[in-house]
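Here are my notes on the structure you sent over.

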Amino acid sequence: MGRLVICDHPLIQHKVTIIRDKTTNTKHFRELVDEVAMLMGYELTRDLPLEEVTVETPVSKAAGKTIAGRMVGLIPILRAGLGMVDGVLQLLPSAKVGHVGMYRDEETLQPVEYYVSLPTDVTERELIVIDPMLATGGSANAAISLLKKRGCRPTKLMCLIAAPEGVKAVQEAHPDVDIYLAALDEKLNEQGYIVPGLGDAGDRLYGTK
């Protein structure tokens with residue numbers, strides 16, 4: 001079973017509280033999501049492999065370490081996942097970004113794929129799938145399955161907020177994927193929205209409602 005990691009640093013908890021507030025405007029919401037994504041990036045990259053190197057300082061030689069191993073790829077689920085990408089790229093500027101377009105059918109609550117664009121070397125990269133909300137888990141599961149069918153290796157799912165139902169669905173469908181959250185909420189309501197949640201992340205990021 002993949003790990004469930006809740007990134008509960010005080011700065012993350014503080015910013016998530018403001019993100020939840022319905023009075024937070026679009027500009028502030030977008031900035032805070034970006035900041036939380038960057039802070040979560042420290043936890044997501046904690047297990048990156050290192051190799052020992054030697055460098056010349058102005059004084060003498062020094063032993064040090066640099067990141068080694070497989071390269072990283074970021075796969076945001078459109079459209080809301082885009083709001084978290086820049087924050088992670090501040091830590092991993094060499095990461096490549098692919099896109100998977102999914103929307104949730106409001107009647108069936110099932111994901112519908114409408115767009116896929118991936119880096120040419122995507123199969124050589126450790127992939128982080130990004131979506132702010134993990135509600136039913138349908139979109140995340142569909143995106144991860146889509147990547148696996150293309151020979152890719154998604155290893156982590158990064159979300160701001162999740163419902164227990166979504167976490168369970170992903171763990172059952174993809175036990176090899178670790179889940180990273182800023183907050184684990186109470187439940188889903190009858191409409192499939194996370195409670196207490198923060199509303200529709202895409203609408204709040206881009207001011208479409």
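Predicted model: local features only at pLDDT ≥ 70, side-chain atom pairs only at ≥ 80, totals over all residues.

1. Let's start with the largest pocket, which has a volume of about 600 Å³. Its lining takes in 27 residues, and those nearest the centre are Arg104, Asp131, Met133, Ser139 and Asp200. Two or more lining residues come from each of strand 4, strand 6 (99–104), strand 9 (133–134), helix 4 (138–149) and helix 6. By residue type, the lining of this largest pocket splits into 14 nonpolar, eight polar and five charged.

2. Which residues does UniProt list for "binding site"? The unreviewed entry gives Ile194, Gly199, Asp200 and Ala201. On the model, Ile194, Gly199, Asp200 and Ala201 are included in the lining of the largest pocket. Asp200 also turned up in point 2, among the residues nearest the centre of that pocket.

3. Is isoleucine 194 buried or exposed? Isoleucine 194 counts as buried because its relative accessibility is 9%, and the cut-off for buried is under 20%. It sits in strand 13 (residues 194–195). Leaving out residues up to four places away in sequence, isoleucine 194 touches Met133, Leu134, Ala135, Ile161, Ala162, Ala163, Asp185, Lys187 and Leu188. Met133 on that list is also one of the residues nearest the centre of the largest pocket.

4. Aspartate 200 is found in the loop between strand 13 and helix 6. Its relative accessibility is 30%, so aspartate 200 counts as partly exposed. Once neighbours within four places in sequence are set aside, aspartate 200 is in contact with Arg79 and Tyr193.

5. The second largest pocket holds about 260 Å³ of space. It is lined by 17 residues, with Asp47, Leu48, Glu126, Thr155 and Lys156 nearest its centre. Strand 8 and strand 10 each supply at least two lining residues, and strand 10 gives the largest share, with four. The lining of the second largest pocket divides into seven nonpolar, three polar and seven charged residues.

6. Now have a look at helix 3 (residues 82–91), where Gly83, Met84, Val85, Gly87 and Val88 are buried. What covers them? The cover over the buried residues of helix 3 includes helix 2 (26–44), strand 4 (71–78), strand 5 (96–97), strand 8 (125–130), strand 10 (153–162) and helix 6 (201–206).

7. Last, the cysteines. How many disulfides are there? The count is zero, with a pair of cysteine sulfur atoms having to lie within 2.5 Å to qualify. For cysteine 152, the nearest cysteine sulfur belongs to cysteine 159, 18 Å away. For cysteine 159, the nearest is that of cysteine 7, at 11 Å. Cysteine 152 is buried, with a relative accessible area of 8%, and cysteine 159 is buried too, at 1%.

Definitions and conventions: Residues numbered from 1 in each chain as written. Heavy atoms only, no water. Buried < 20%, exposed > 50% of the residue type's maximum accessible area, 1.4 Å probe, protein only. Contact = heavy atoms within 4.5 Å. 1 Å grid on protein atoms, 1.4 Å probe; cavity = no way out; pocket = protein on both sides within 12 Å on 5 of 7 lines; lining within 4 Å. Points joined across faces, edges and corners; volume = space filled by probe spheres on them. Nonpolar A, V, L, I, M, F, W, Y, C, P; charged D, E, K, R; others polar. UniProt positions renumbered as here; feature names shortened; annotations may be inferred.
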